[in-house]
Amino acid sequence: MKLILILTISSALIFSEAIAQQNSGVKEPSQMSKYEFLAMASKSDSLTAVVNMFFRKRKSATTSGLIVGGSGILIGLVVTSANAADQVLGLVGGVLTGQMPEEKNDPGGEIALLGLAAGTAIVTVGRSKYTKNNLYKILSEYQETKKIPSKFASKLLPRDFSFFSN
């Protein structure tokens, strides 16, 4: 009985490994790099420009989101530090005069959280328009239609037509 179980498990592992190796040449569009998309589009300058534009827009959304989120956190830390220093000075003054200062609400954490949420929203919305799956769909449909959707064609810049565009 144990021998049959061991043989069944080992044959299942071998079978699953064989299937995995057969599918290893096919990549999901979401796992493809910019250069793999450029290789797909190498026959057309227009498609090369679309690939470069998609990756430029994705990078721009990420950068903008990081800047907004980081700025919100930094402003929140500055506000919190200023309030903490104000409270320490109030305590020292209260000890000397015998009056306890009233506690203030510290908005620093809320500012940091709002900045982080805004940055995350910018990244999410910006990158959701320019997904790799959408790019793959455009590249695939171009073979049949020989057209780039106008909502993407209107956003192309001259620098996008270079193969090694950033």
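This is a predicted model: local features need pLDDT of at least 70, side-chain atom pairs count only at pLDDT 80 or more; totals for chains, interfaces and linings use all residues.
A residue counts as buried here when its relative accessible area is under 20%.

**The overall picture**

The protein holds six helices and zero strands, so the order of elements from the N terminus reads α-α-α-α-α-α. Of its 166 residues, 24% are buried. Among contacts with a separation of 6 or more, 77% join residues 24 or more positions apart.

**The nonpolar core**

The largest nonpolar core has 19 residues, and those touching the most other members are F37, V50, V51, F54, L135, L139 and F152. Helices α2, α3 and α5 each give at least two residues to this core, with α3 providing the largest share, seven residues.

**Helix α5**

How many residues does α5 have, and how far does the helix reach? There are 14 residues, and the distance from first C-alpha to last is 20 Å, close to the 20 Å expected at 1.5 Å a residue.

The buried residues of α5 are K132, L135, I138, L139 and Y142. Viewed down the helix axis, these buried residues fall within an arc of 115°, so they line one face of α5.

**Two lysines to look at**

K132 lies in helix α5, while K146 sits in the loop between α5 and α6.

| Residue | Property | Value |
|---|---|---|
| K132 | distance to E36, the nearest side chain of opposite charge | 7.2 Å |
| K146 | relative accessible area | 52% |
| K146 | phi | near 60° |

K132 is buried yet has no salt bridge. A salt bridge would need a side-chain nitrogen of Lys or Arg within 4 Å of a carboxyl oxygen of Asp or Glu. Which residues does K132 contact, leaving aside its neighbours within four places in sequence? They are P29, S30, M32, F37, F55 and R58. One of them, F37, is also among the core residues that touch the most other members.

Is K146 buried or exposed? K146 is exposed, with a relative accessible area of 52%. K146 follows α5 and has a positive phi, in a residue other than glycine. Most residues other than glycine have a negative phi.

Methods: Residues are numbered from 1 along each chain as its sequence is written. Side-chain values use heavy atoms; hydrogens and water are left out. A nonpolar core is a set of buried Ala, Val, Leu, Ile, Met, Phe, Trp, Tyr and Cys residues joined through side-chain atoms within 4.5 Å. Buried means under 20% relative accessible area, exposed over 50%, partly exposed in between (1.4 Å probe, protein chains only). Helices (H or I, at least four residues) and strands (E, at least two) are DSSP runs, numbered from the N terminus. Lys and Arg count as positive and Asp and Glu as negative; His and the chain ends are not counted. Contact means heavy atoms within 4.5 Å. The expected span of a helix is 1.5 Å times one less than its number of residues. The arc is that of the directions from the helix axis to the C-beta atoms.
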